[in-house]
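Subject: Structure for you to look at

Hello,

Here is the structure I promised to hand over. Please open it first, then read my notes below.

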Amino acid sequence: TASTNGGKATLIPLGTQTRVLDTFDRIIGRFNDALIATRQELRDAKDARKRDVQLLVHYLQFQVSFHTYHRTMFMVNVFERRFKLTAQELAKRDDSSSNTNQVLVLSKKNKSGSSSTSSKNKELIPASLYASPAELVRLFELALQALGELELLPGVEDHHGEDVEKWSNEARAGKLVYLGEGWRI
């Protein structure tokens with residue numbers, strides 16, 4: 001969910017987003033590299049060692065799916081904050097336009113390439129703030145896909161079943177919320 005500061009949503013700084021995503025990408029990449037090597041070792045393993053190597057493959061698959069889920073949920077957090085700021089900005093603009101009877105007019109390029117504006121024009125929402133509900137729905141679907149891969153692994157139900165079920169319910173609920181927001185908008 002979006003962090004609030006005095007009732008207002010705040011963005012995660014771009015530098016922080018980049019560092020967190022880079023860290024997740026490096027972790028997932030290294031687990032994927034290990035998974036590739038371990039699968040090759042599994043193909044070459046003798047019967048006595050196959051079971052141990054298969055357990056290692058399952059562990060690495062778990063780590064890849066687990067970190068992919070958490071990376072996706074970080075992106076959900078980023079886009080939820082953007083969506084809430086977008087909604088706040090639009091609500092603020094609606095309030096100011098209804099109070100002053102101004103109309104939202106987007107600037108248009110004239111033939112010379114410059115923007116034609118008037119004193120009644122409003123600025124567009126910056127890309128750093130904008131997020132659509134469809135983007136959030138897609139992210140929740142990716143989170144559900146990562147959780148689905150987790151659920152297929154042996155032993156996950158016994159050791160992490162409650163967590164995976166909780167995360168799945170949260171992702172499904174979030175997806176439904178933003179599907180509803182898309183229809184509302």
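Is L176 exposed or buried? L176 counts as exposed, because its relative accessibility is 60% and the cut-off for exposed is over 50%. Keep in mind that this is a predicted model.

**The overall layout**

The protein chain has four helices and four strands. The chain has 185 residues, and 34% of them count as buried. The protein chain exposes about 12,100 Å². Carbon and sulfur atoms supply 54% of that area.

L176 forms a nonpolar patch on the surface together with L179 and W183. The three share about 410 Å² of accessible area.

There is also a negative surface patch. Its members are E151, E157, D158, E162, D163 and E165. Which helix gives the largest share of this negative patch? Helix 4, residues 156-184, supplies five residues. Take E162 as an example. E162 lies in helix 4. Its relative accessible area is 71%, so E162 is exposed.

**Salt bridges**

How many salt bridges does the structure hold? There are five. Here are three of them, one by one.

Start with D22 and R26. Their closest N and O atoms are 3.2 Å apart. Both residues lie in helix 1, which covers residues 14-44. They are four residues apart, about one turn of the helix. D22 is partly exposed, at 39% relative accessibility. R26 is partly exposed too, with a relative accessible area of 39%.

Next comes E141 with K175. In this salt bridge the closest N and O atoms are 3.3 Å apart. The pair links distant parts of the chain. E141 is in helix 3, residues 133-152, and K175 is in helix 4. They sit 34 residues apart. E141 is partly exposed, with a relative accessible area of 37%. K175 is partly exposed as well, at 24%.

Then look at E181 and R184. Here the closest N and O atoms are 2.6 Å apart. Why are E181 and R184 separated by about one helical turn? Because they are three residues apart in helix 4. R184 counts as exposed, at 57% relative accessibility.

Find E41 in helix 1. E41 is partly exposed, with a relative accessible area of 33%. Setting aside residues up to four places away in sequence, E41 touches R49 and V53. E41 and V53 are 12 residues apart along the chain, and their C-alpha atoms are separated by 7.4 Å.

Now move to V53, which is in helix 2. Is V53 buried or exposed? V53 is buried, because its relative accessible area is 3% and buried means under 20%. Which residues does V53 contact, leaving aside neighbours within four places in sequence? The answer is T38, E41, L42 and A45. T38 is 15 residues from V53 along the chain, yet the two C-alpha atoms are separated by 7.0 Å.

Helix 2 covers residues 47-100, and H67 is in it. H67 is buried, with a relative accessible area of 14%. Beyond residues up to four places away in sequence, H67 touches F24, I27, I28 and F31.

**To recap**

K175 in helix 4 pairs with E141 in helix 3. On helix 2, look for V53 and H67. V53 is buried, and so is H67.

Best wishes

Notes
Residues are numbered from 1 along each chain as its sequence is written. This is a predicted model: local features need pLDDT of at least 70, side-chain atom pairs count only at pLDDT 80 or more; totals for chains, interfaces and linings use all residues. Side-chain values use heavy atoms; hydrogens and water are left out. Patches are made of residues with over 30% relative accessible area and no salt bridge: like charges are joined within 9 Å, nonpolar side chains (Val, Leu, Ile, Met, Phe, Trp, Tyr) within 5 Å. Accessible areas come from the Shrake-Rupley method with a 1.4 Å probe; for residues, only the protein chains shown count as cover. A salt bridge is a side-chain nitrogen of Lys or Arg within 4 Å of a carboxyl oxygen of Asp or Glu. Lys and Arg count as positive and Asp and Glu as negative; His and the chain ends are not counted. The place of a charge is taken as NZ of Lys, CZ of Arg, CG of Asp or CD of Glu. Helices (H or I, at least four residues) and strands (E, at least two) are DSSP runs, numbered from the N terminus. Buried means under 20% relative accessible area, exposed over 50%, partly exposed in between (1.4 Å probe, protein chains only). Contact means heavy atoms within 4.5 Å.
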